[in-house]
Structure formats: structure tokens, C-alpha cells
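Open the model in your viewer and keep the sequence panel beside it. The tour below goes from one selection to the next.

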Amino acid sequence: MKERISSLQIGAITWNLVLSAYIGIVPTILFYKLKQDSWLAVLLTFILGIVIVCTYLYIWEKMPDKNIFQKINCIFGNKIGAIINFFITITNIFMTVIYCYSMINFITSQYLIKTPNTFIIIIFAIPVVYLITQKLEVIGRVFFIFWIMSLLLFLMTFIGLIFQLDFNNLLPILENGINPVIQGSLLIMPYTSFILFLFLSIPKNAIIDKEKVNKRVLIFYSLAFFSMFTGVIFITATLSGDLAKIYQFVEYQVLKRVALIGFIERVESTLSMRWILYIFATTIMGLYFTKKYIIHSFKIKKHEKLIISMIAVISLLLSNWIFPNNTIANKIVMNIIPYILYIFYLLLPIIIAIGLKLKTKKVKR
């Protein structure tokens with residue numbers, strides 16, 4: 001039976017992927033580089049990211065019965081295509097490990113200080129392995145539930161903080177000019193827009209109502225950026241840019257100020273659960289991408305579930321050892337990884353889009 005998913009579930013995937021770097025990665029880059037001008041970089045990233053998303057949608061539109069690995073083979077041939085597919089998948093696994101590192105670091109520092117990281121990873125691996133071995137329809141339903149839960153938690157956060165904002169903290173605007181804003185935007189774009197490359201592992205023909213998918217992807221992309229923009233505004237307006245720069249997980253510090261209905265306090269642990277859902281969803285999609293690569297490249301059917309389960313567990317365990325400390329992690333995340341992602345998730349997709357256009361023209365002739 002062919003895998004099926006709805007455009008609404010694809011939209012939910014978009015929401016989760018875009019926001020998955022909001023804990024520990026995006027705010028760290030923004031407030032370190034820009035302080036009170038961080039919200040401007042989010043707006044610029046949203047605008048530039050639409051071009052990236054439209055490029056991915058164009059690739060998705062061509063050869064709708066094939067996933068990204070099959071399309072790459074069609075364009076570059078089997079030998080060169082195999083090399084490109086391998087490096088894309090390795091990059092994807094590396095990014096999955098980084099996202100898991102961010103999540104485990106957050107959980108151990110804010111929730112379970114005395115609990116060994118390995119134990120947390122093993123507990124986290126159980127639902128990951130279960131879901132990654134299920135059909136796409138099951139994964140889509142879980143993502144849609146995640147979207148509903150995270151949306152409710154976002155609304156609760158919005159209500160709890162809206163009356164505590166001091167918009168004077170947003171001033172002065174463009175204190176150091178426009179260049180830092182552009183630089184900050186280009187640094188967070190790989191973590192917010194490029195991550196949507198993962199849904200190209202799903203053939204467009206697998207979508208039940210594929211005529212609606214482009215519109216819904218753009219809607220959910222916009223909603224996700226509205227959530228991110230609101231979060232950055234709330235952080236700046238409650239703490240100020242200078243203070244936000246100090247904290248490792250500044251998002252969590254802001255949640256400590258939430259008081260619902262005037263007297264329900266200490267809700268930050270509950271409200272922050274949505275960030276864990278985001279990274280959980282991204283981990284699933286990253287491993288699903290790897291799963292489709294393995295099936296495509298090695299034609300494995302008999303032991304498919306066992307192999308992908310082993311890769312999932314190994315990837316999660318690697319997140320415990322990938323960086324020796326947070327200082328080195330922040331430097332690599334800010335100064336090295338974005339440039340790697342520009343090669344595989346921007347330059348390569350542009351080449352693929354051109355190749356698909358030329359390929360379809362030849363077919364028509």
C-alpha cells in the first residue's frame with residue numbers, strides 16, 4: 001500500500017520544522033549578534049525564506065511521483081546522484097544530531113539536572129523508534145496533534161505575557177545599522193527555512209489533496225514565523241536585548257514571568273513543552289528522510305525497520321558526544337554550520353530546480 005498524507009498534515013510538519021530551532025539556537029544567534037534588533041532579522045528571514053520555500057515547492061511539483069533522491073538520480077545520473085544523495089543524507093543526520101543535542105541540553109539544564117543524559121536519550125528514543133517505523137499517515141497524524149498542542153501552549157504564553165511588555169526595550173532601532181540585521185538573518189535562515197528541504201523526501205503524489213498543499217505550506221510557514229516573531233518581541237520587551245544575551249535558554253527565562261488568570265504561576269515547565277514537541281517532530285522527519293534514502297539506495301525491505309531503528313538510536317546517542325561543551329557548540333552553530341547548509345540546502349536545490357526544468361522541457365519535446 002502506498003503511503004498517504006494530507007496537505008493539512010504537511011502544513012503541521014512545516015510549522016514544527018520551522019520552529020524546531022527556536023529553543024537554544026535561533027535566540028542564541030539573534031541576541032548575541034543583534035540584541036534589541038533581533039525582531040528585524042526575523043522579519044527579513046521570513047521574507048527571504050519565502051523564496052527558498054517556493055524553490056522547494058517548485059522541485060516538489062516536478063516529477064511528483066518521485067522523492068528527492070530519485071529526482072537527483074534523474075538529473076545527475078546514478079553515480080553522481082548516489083554521491084550527492086549520500087552527502088545530503090549525512091548532512092541531514094548531522095543536523096538531526098545537533099537538534100537533539102539542543103533538546104537534551106535544555107532538558108538536563110532546566111528539568112532533570114541530576115539525570116544522566118544517556119538515560120534521557122534512551123527514554124526519548126523509544127517513541128522515536130516506534131514512530132519512524134510506522135507509515136507516513138501515522139506520522140502525519142502525530143504531527144497534526146503536535147501542532148494543535150503547541151498552538152494552545154503558544155496562545156497560553158501570549159495571554160500570560162501580553163500585559164508585561166515594555167516596548168521601550170525595543171529601542172534604539174538599528175543602533176548599529178542594517179548590516180548586522182542582514183548578517184543575523186542569513187545565519188538563522190538555514191535553521192528556519194532550509195529545514196523544510198526534509199519534506200522533499202515525500203513524493204507529492206503521496207499527498208491526498210495535493211492541489212492545496214502549496215497554499216497550506218505557505219500559510220503554516222507564515223504562522224510559524226508569526227509565532228517566532230512574537231516570541232522574539234516578547235523576550236526583548238520583557239528582558240531587554242542586553243539581558244537576553246546573557247542567558248543560555250532565554251526563552252525559558254521569559255516563561256518564568258507568565259502568570260495565567262492573574263494567579264496561576266510556575267507554569268513555565270508546561271508551556272515550554274511545545275519546544276520539545278518541535279524538536280521531536282524534526283527528529284522524526286530527519287530520520288524519515290534517512291529512511292527513504294536507505295530504501296532508495298540499498299533497496300532494503302527485509303530488515304528495513306531494524307536498520308532504521310539502529311540508525312535512530314545511534315543518531316540520538318551521538319547527540320550526547322557531538323560537542324564537548326556549550327561554548328564550542330555555540331561557535332560551531334553560529335560560524336560553521338550555516339555555510340555548510342547553504343551548499344546543500346540552497347545552492348544544490350537551485351541546481352536541482354534548473355535541472356528539473358531542463359529535464360521536463362526535453363520530455364515535452
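Helices here are DSSP runs of H or I with at least four residues, numbered from the N terminus. The model is a predicted one.

Start with the loop between α2 (26-33) and α3 (38-61), and select K35 in it. Its phi is positive, about 55°, although K35 is not a glycine. Show the surface next: K35 is partly exposed, with a relative accessible area of 24%.

Now select residues 68-76, helix α4, together with residues 78-110, helix α5. Two packed helices are described by the angle between their axes and by the distance between those axes. For α4 and α5 the angle is about 145° and the axes are 7 Å apart. The crossing of this pair is right-handed.

Which residues of α4 meet α5? Display the side chains of F69, I72, N73 and F76 in α4. Across from them, in α5, are N78, I80, G81, A82, I84, N85, I88 and T89. Coloured by class, this contact shows 7 nonpolar residues, 5 polar ones and no charged ones.

Move on to the loop between α7 (136-161) and α8 (179-192), where P172 lies. Select L171 as well: the peptide bond from L171 to P172 is cis, and its omega is near -5°.

Stay in the loop between α7 and α8 for the last stop, L174. L174 is a residue other than glycine with a positive phi, near 55°. Is L174 buried or partly exposed? At 35% relative accessibility, L174 counts as partly exposed, because buried means under 20% and exposed means over 50%.

How values were computed. Residues are numbered from 1 along each chain as its sequence is written. This is a predicted model: local features need pLDDT of at least 70, side-chain atom pairs count only at pLDDT 80 or more; totals for chains, interfaces and linings use all residues. Side-chain values use heavy atoms; hydrogens and water are left out. Axes are lines fitted to C-alpha atoms, for helices over the stretch in contact, and angles run from 0 to 180 degrees between N-to-C directions. Helices (H or I, at least four residues) and strands (E, at least two) are DSSP runs, numbered from the N terminus. A crossing is left-handed if the near helix is turned anticlockwise from the far one by less than a right angle, and right-handed if clockwise. Contact means heavy atoms within 4.5 Å. Ala, Val, Leu, Ile, Met, Phe, Trp, Tyr, Cys and Pro count as nonpolar, Asp, Glu, Lys and Arg as charged, and the others, Gly among them, as polar. Buried means under 20% relative accessible area, exposed over 50%, partly exposed in between (1.4 Å probe, protein chains only).
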